[in-house]
Amino acid sequence: MKITGFNTRVVRVPADNPLVDGIPIGPGTRDFVTIELETDEGIQGIGYSFIPGMVGNPLFTALKVTVDAMCEIIIGDDPMGIEAIVAKLKRQTGTIGPGMFNFALAGVDVALWDIKGKAFGLPVATLLGGHRDRVPTYASGQLTRDRNLEFLADVGSRLVEKGFRQMKTQMGAEPSADDEVARIRVMREAIGPDIDLMCDINQLWDVNRAISIGKRVEEYNLFWLEDLTTYDDYQGLARIADALTTPLACGEYVFGIAPFRQLIENRSIDIVMIDLMRVGGITQFQKVAGMAEAFNMPVVSHVAPEVQVHNVAAIPNGLTVEYMPWSLQLFEETPAIVDGEIVVPNRPGLGLAFSEEAMRQYAV
């Protein structure tokens with residue numbers, strides 16, 4: 001089999017698609033570069049690239065140019081040789097640095113795995129290891145730090161009604177520690193003791209503030225605290241991890257596989273969070289997951305749930321999938337959620353198809 005062509009598009013979707021009814025869609029847009037790789041055997045693989053977290057991102061043009069260049073380079077290559085293709089792309093384009101390179105590589109890599117799954121007639125999760133066919137998932141992106149306490153209590157309880165058994169909120173914007181703690185207290189009171197509650201700080205605290213407030217919220221039994229301080233302050237994170245009983249999750253800001261070694265060997269974290277785009281795709285995700293397993297550490301995903309379900313379901317140390325709704329509008333159908341778990345599609349490859357309606361409506 002050979003790669004014979006490709007088609008890429010830029011689509012701009014509303015930034016925040018709510019998981020519960022009645023909440024206005026948030027302001028701004030998010031840009032995605034969609035990828036369709038063609039082969040001489042008629043199998044098409046799809047993937048996409050984007051820069052996580054950025055609203056109204058002016059760099060989408062540079063991302064599309066990078067994706068197009070990578071697709072041009074691999075014309076004529078065998079899509080079954082994914083490691084060979086990744087090595088080739090590193091040799092020819094890796095000097096642009098881990099940022100744009102990883103973002104673009106991730107989309108191409110995902111499309112290659114989609115081709116491979118379709119060629120063998122198996123879901124990607126099965127090809128990667130096939131540990132199980134569904135995994136826990138948590139509602140994300142709804143309970144943000146810009147929302148007031150009344151909103152948190154209302155939407156948190158409504159997410160429980162929708163069947164979510166896990167959800168994530170945020171701290172990091174309040175002027176006082178008391179106000180930060182109040183957000184967690186209100187959330188716990190609203191959703192009850194049996195729902196797993198995570199909290200993301202997005203690197204907004206220093207080490208001492210993280211320890212101080214972290215100790216005060218321990219009584220609310222958080223499932224994890226996430227990115228409390230700068231992601232590459234390995235020693236500072238280790239100090240926090242040693243001081244708190246709540247597990248620490250980190251990794252979404254990490255590019256490639258090498259920095260994860262520092263986080264893991266320094267025991268800076270308890271839970272390894274892997275962003276599909278920054279790590280460089282499915283191939284690199286699995287390498288980090290294997291590294292984490294060697295240290296008896298669980299792995300969780302960051303964004304892109306319709307792809308990440310395959311990564312997390314494939315491995316024995318997969319803990320949960322972040323159900324972030326940024327990219328869901330790109331597809332005709334996305335993986336089902338049943339009893340708080342996200343189900344691996346039973347169709348070959350990713351089990352996904354781009355929505356042509358969305359491609360027309362949101363085309364740039």
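Residues are numbered from 1 along each chain as its sequence is written, and side-chain values use heavy atoms, with hydrogens and water left out. As the model is predicted, local features need pLDDT of at least 70 and side-chain atom pairs count only at pLDDT 80 or more, whereas totals for chains, interfaces and linings use all residues.

Three strands form an open sheet in the order 1-2-3 with antiparallel pairing; strands (E, at least two residues) and helices (H or I, at least four) are DSSP runs numbered from the N terminus, and two strands pair if DSSP finds at least two bridges between them. Strand 1 (3–14) and strand 3 (44–49) are the edge strands, each pairing on one side only. From one strand to the next, the twist averages 20°. Strand 2 and strand 3 run antiparallel and are joined by six bridges, and V33 stands opposite S49 in strand 3. Helix 1 lies across strand 1, strand 2 and strand 3 and runs at about 165° to strand 1. Angles run from 0 to 180 degrees between N-to-C directions, and axes are lines fitted to C-alpha atoms, for helices over the stretch in contact.

Helix 11 (residues 282–294) packs against helix 12 (residues 305–314) at an angle of about 35°, with the axes 10 Å apart. The crossing is right-handed, that is, the near helix is turned clockwise from the far one by less than a right angle. I282, F285 and Q286 of helix 11 make the contact with V307, Q308, N311 and V312 of helix 12, contact meaning heavy atoms within 4.5 Å. This contact has four nonpolar, three polar and no charged residues; Ala, Val, Leu, Ile, Met, Phe, Trp, Tyr, Cys and Pro count as nonpolar, Asp, Glu, Lys and Arg as charged, and the others, Gly among them, as polar.

Grid points are joined across faces, edges and corners, and a volume is the space filled by probe spheres set on the points. One cavity of 30 Å³ or more is present, and the largest cavity has a volume of about 60 Å³. Its lining includes R30, D31, F50 and W326; strand 2 (29–39) and helix 1 (60–73) are the elements that give two or more residues to this lining.

The largest pocket holds about 640 Å³ of space. Of its 33 lining residues, R30, G141, T144, Q170 and W326 are the closest to the centre. Strand 4 (134–143) and strand 5 (166–170) each give two or more residues to the lining, and the largest share, four residues, comes from strand 4.

Methods. On a 1 Å grid over the protein atoms alone, a cavity is a set of points where a 1.4 Å probe fits but cannot get out, and a pocket is an open set with protein on both sides within 12 Å along at least five of seven lines; lining residues have an atom within 4 Å of a point.
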